[in-house]
Amino acid sequence: MFNKIIRNRRAVQAIIGALILAAYMYFQVSIWVIVLIGVVSGAIFGKVFCRWMCPLGFIMELTMGKDPSSKNLQLYNYHKLGCPIAWISGFLNRFSLFKIKRDSSTCTDCGICDSNCYIASLNKDYSIYKEKKENPSTHYSCSKCLVCVDKCPSNSLKYRV
Ligand code: SF4
Ligand code: SF4
């Protein structure tokens, strides 16, 4: 069920993004309330706003296409520096309540998670499963796409408290 939601992230983002846009445009909800939503969701879930909630992020991703090997898409995913919600919630990745946790007793060290992660595949100092490397899920740029969780063949990655 949860993997299904991950695979349909774009649909979730479209719905939440449309609600946020409507709140801003038609119900005069202040931009500061939206920033607050980004910060509170960041403290609980990490940097989820960009990829799960943001209407601008939805449009940006549309323009980048879907090819995961596209350098433009990788750089967009990696940097995404243009927004205060991204700055704050990216910083909160280290402290958020929910984190991506690996069960080392079932992990087979296959490396599929790293090859699907835009941080670990761009920066060799990072790895989801190699313990001596930095964990990409607490990196500023991890916007909780949760592809690593979805792709893990042994179900060893969980996004949880
Ligand atoms: S994809 Fe899963 S099993 Fe493979 S290395 Fe990553 S956590 Fe371990
Ligand atoms: S959620 Fe997983 S795959 Fe996505 S950026 Fe974060 S660590 Fe990488």
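Rings of Phe, Tyr and Trp (its six-membered ring) make an aromatic pair if their centres lie within 6.5 Å; planes under 30 degrees apart are stacked, over 60 edge-to-face, and the rest tilted. The model is predicted, so local features need pLDDT of at least 70 and side-chain atom pairs pLDDT 80 or more, while totals for chains, interfaces and linings use all residues. Residues are numbered from 1 along each chain as its sequence is written, and side-chain values use heavy atoms, with hydrogens and water left out.

**Exercise 1. Find how many aromatic pairs there are, and describe the one formed by F2 and Y159.**

Step 1: By the rule above, the count comes to four aromatic pairs.

Step 2: F2 and Y159 sit 6.5 Å apart, centre to centre, with 15° between the planes, and the pair is stacked.

Step 3: Now place the two rings. F2 is in helix α1 (residues 2–7) and Y159 in strand β2 (residues 157–160), so the pair ties together parts 157 residues apart in sequence. Helices (H or I, at least four residues) and strands (E, at least two) are DSSP runs, numbered from the N terminus.

**Exercise 2. Work out how helix α2 packs against helix α5.**

Step 1: α2 (residues 9–26) and α5 (residues 55–64) pack at about 135°, with their axes 8 Å apart. Axes are lines fitted to C-alpha atoms, for helices over the stretch in contact, and angles run from 0 to 180 degrees between N-to-C directions.

Step 2: That makes α2 oblique to α5; under 35 degrees counts as roughly parallel, over 145 as roughly antiparallel, 65 to 115 as roughly perpendicular, and the rest as oblique.

Step 3: Look at who touches whom, where contact means heavy atoms within 4.5 Å. On the α2 side you'll find R9, R10, Q13, A14, G17, I20 and L21, and they meet P55, G57, F58, E61 and L62 in α5.

Step 4: Sort the contact residues by class: six are nonpolar, three polar and three charged. Here Ala, Val, Leu, Ile, Met, Phe, Trp, Tyr, Cys and Pro count as nonpolar, Asp, Glu, Lys and Arg as charged, and the others, Gly among them, as polar.

Technical notes
Chains lettered and ligands numbered in written order.
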